[in-house]
Amino acid sequence: MSPQSDPAGLPRLLAGMPAHGSMGLAEHLALHGKLPFAGRRERRGAGALIDLVEQAGLRGRGGAAFPLARKMGAVAASAGRAPIGRRPIVLANAAEGEPASRKDRVLLEGLPHLIIDGGVLAARAVGADELILCIDEEAGPALQSAKRAIRERERTGGDALRINIQTVPGGYVSGQESALVNLCNGGSAKPTLTPPMPFQRGVRRRPTLINNSETLAHLALIARYGPQWFRQLGTQAHPGSTLLTLSGAFAHPGVYEIEYGAPLQSLIEGAGGATSPIRAALLGGYAGTWFDGAMIPTITLSNDHLAPHEASLGAGIVVLLSQETCPVAETARVTRWLAEQSAGQCGPCVHGLRAIAGAIEELAAGAASAGAGQRIARWSTLAKGRGACRHPDGAARFITSALDVFAEEFADHARHGPCDACSRTYELPLPASSKLAAAA
């Protein structure tokens, strides 16, 4: 594909992905061409780039799906009111604390210049003088890839801003926006109460634009090929392509790029099918929603379609749970892990999730008292909407949808205790460092 071509189909983000290692700057430029809008002598105003993003309809790919143009506009407006010397800062969020997700890590490992291009463009649009790449400290290949890419760009002298790396300690809530700001300000990677919002006062008290790394990669392509090109794929409300991490009972798990709004069934077929009959599908990761396997032929991978089910694609995650494993044991294990991921700051999270995890474990063991399922559902509802972040909200969604989809299995465990499948290998991924990651 030449820089002048119009790559309307797929892949887009993953075009030219190396089989091993990362794409260098020269190869990146040969594939995509020179980056517009970013040069020191670029005459087009920063507002022109925000207008392009608005026309494209790009939404964030980190989970919230917030319109990027609105976020950029808010930071640019805050910058106009900030004191002299307090120019905005851009954070590229590649922390990826969700165990079921690998898309940002894969993108950074193989195509670091695409993410940096997007960060440079975002900085140009909001008047920032610094780009910070926030990367999981345990993601060795991604870290090395980012460092090499930064060194390459420094040698060319083509970027008119500082590019730095902030390593982020592993943890489910470490990549939350306020947690990243707190970390970059010398604190711990724990969420803080808002307001002020990062776009008002973030890193070093400056207006701060925080975007998922995939979002910035899309921005780099939109600047080159235009908003109409971007809208050739996807839906009216959510145009473009998106990256999904597939795990569980897929024949070929991994990171895939799909058109936004593609059928789930076609994705499964494209990944080689399932390794065994499917009991359920989890969309959105561990802050996501379970769907019964019988619904798979009816599911479209778009937030418009999923919203009536109180579901979304979240950070781009699809997990297939086979009939070979026990969904009750899986739910108990992941809920305990979610409880352990609390930042330890807010009561509903610290005490609420811990109590819910204990109740699910008792139910799984057949040791729960009557009405345990109703208590778990009620406690999950009470935990929502409190504290410094949305961790309890996501955990509650995961738990309550599990109680619904796996109602028969939960009832059986309440009556008879562990089933034969409880002793089989777990299918839901957890970090290798977690004591809960091992097979039963």
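In the predicted model, Leu283 has Thr289 of strand β8 as its bridge partner, and the strand β7 (residues 278-283) is joined to β8 by 4 bridges, the two running antiparallel. Strands here are DSSP runs of E with at least two residues, helices are runs of H or I with at least four residues, and both are numbered from the N terminus; two strands are taken to pair if DSSP finds at least two bridges between them. Both strands belong to an open sheet of 5 strands, ordered β6-β5-β9-β7-β8 with mixed pairing, in which the edge positions are held by β6 (254-259) and β8 (289-292), each pairing on one side only. Neighbouring strands of this sheet are turned by 30° against each other on average, direction ignored. The model is a prediction in which local features need pLDDT of at least 70 and side-chain atom pairs count only at pLDDT 80 or more, whereas totals for chains, interfaces and linings use all residues. Residues are numbered from 1 along each chain as its sequence is written, and side-chain values use heavy atoms, with hydrogens and water left out.

Thr242, which lies in strand β5, has a relative accessible area of 5% and is buried, where buried means under 20% relative accessible area, exposed over 50% and partly exposed in between (1.4 Å probe, protein chains only). Leaving aside neighbours within four places in sequence, Thr242 is in contact (heavy atoms within 4.5 Å) with Arg61, Glu214, His218, Tyr256, Glu257, Ile258 and Tyr260.

A further open sheet is formed by 4 strands in the order β3-β2-β1-β4, and its pairing is parallel. Its edges are β3 (162-168) and β4 (208-212), each with a single partner strand, so one side of each is left without a neighbour in the sheet. The twist of this sheet averages 20° from one strand to the next. Strand β1 (residues 89-94) pairs with β4 in the parallel sense over 5 bridges, and Ala92 has Asn211 of β4 as its bridge partner. Helix α6 (residues 140-156) packs on the sheet, touching β2 (130-136) and β3, with a direction that makes about 170° with that of β3. Helix α7 (residues 177-184) also packs on the sheet and touches β1, β2, β3 and β4, its direction making about 105° with that of β3. Such angles run from 0 to 180 degrees between N-to-C directions, the axes being lines fitted to C-alpha atoms, for helices over the stretch in contact.

The largest nonpolar core has 55 residues, and Met72, Val90, Ile116, Leu131, Leu133, Ile135 and Leu219 are those with the most contacts inside it. A nonpolar core is a set of buried Ala, Val, Leu, Ile, Met, Phe, Trp, Tyr and Cys residues joined through side-chain atoms within 4.5 Å. Helix α5 gives the most to this core, with 9 residues. Because 14 of the 15 residues of α5 are buried, this helix is largely enclosed by the rest of the structure, and α5 is followed by Gly127, whose phi is positive, near 80°. Leu219 touches Leu49, Val53, Leu58, Leu68, Gly118, Leu121 and Ala122, not counting residues up to four places away in sequence. A second, separate core of 44 residues includes Leu282, Val328, Ala343 and Leu436.

Helix α12 (residues 327-340) is mostly covered, with 13 of its 14 residues buried. The axes of α12 and helix α15 (residues 391-405) come within 11 Å and cross at roughly 170°, and the two helices are therefore roughly antiparallel (over 145 degrees). This contact is made by Thr331, Val334, Thr335 and Leu338 of α12 together with His391, Ala395, Phe398, Ile399 and Ala402 of α15. With helix α16 (residues 407-416), by contrast, the axis of α12 comes within 9 Å and crosses at roughly 90°, an arrangement that makes α12 roughly perpendicular (65 to 115 degrees) to α16. Pro327, Val328 and Thr331 of α12 meet Glu409, Phe410 and His413 of α16 in this contact. His416, in helix α16, counts as exposed at 56% relative accessibility.

Notes
Parallel < 35°, antiparallel > 145°, perpendicular 65-115°, else oblique.
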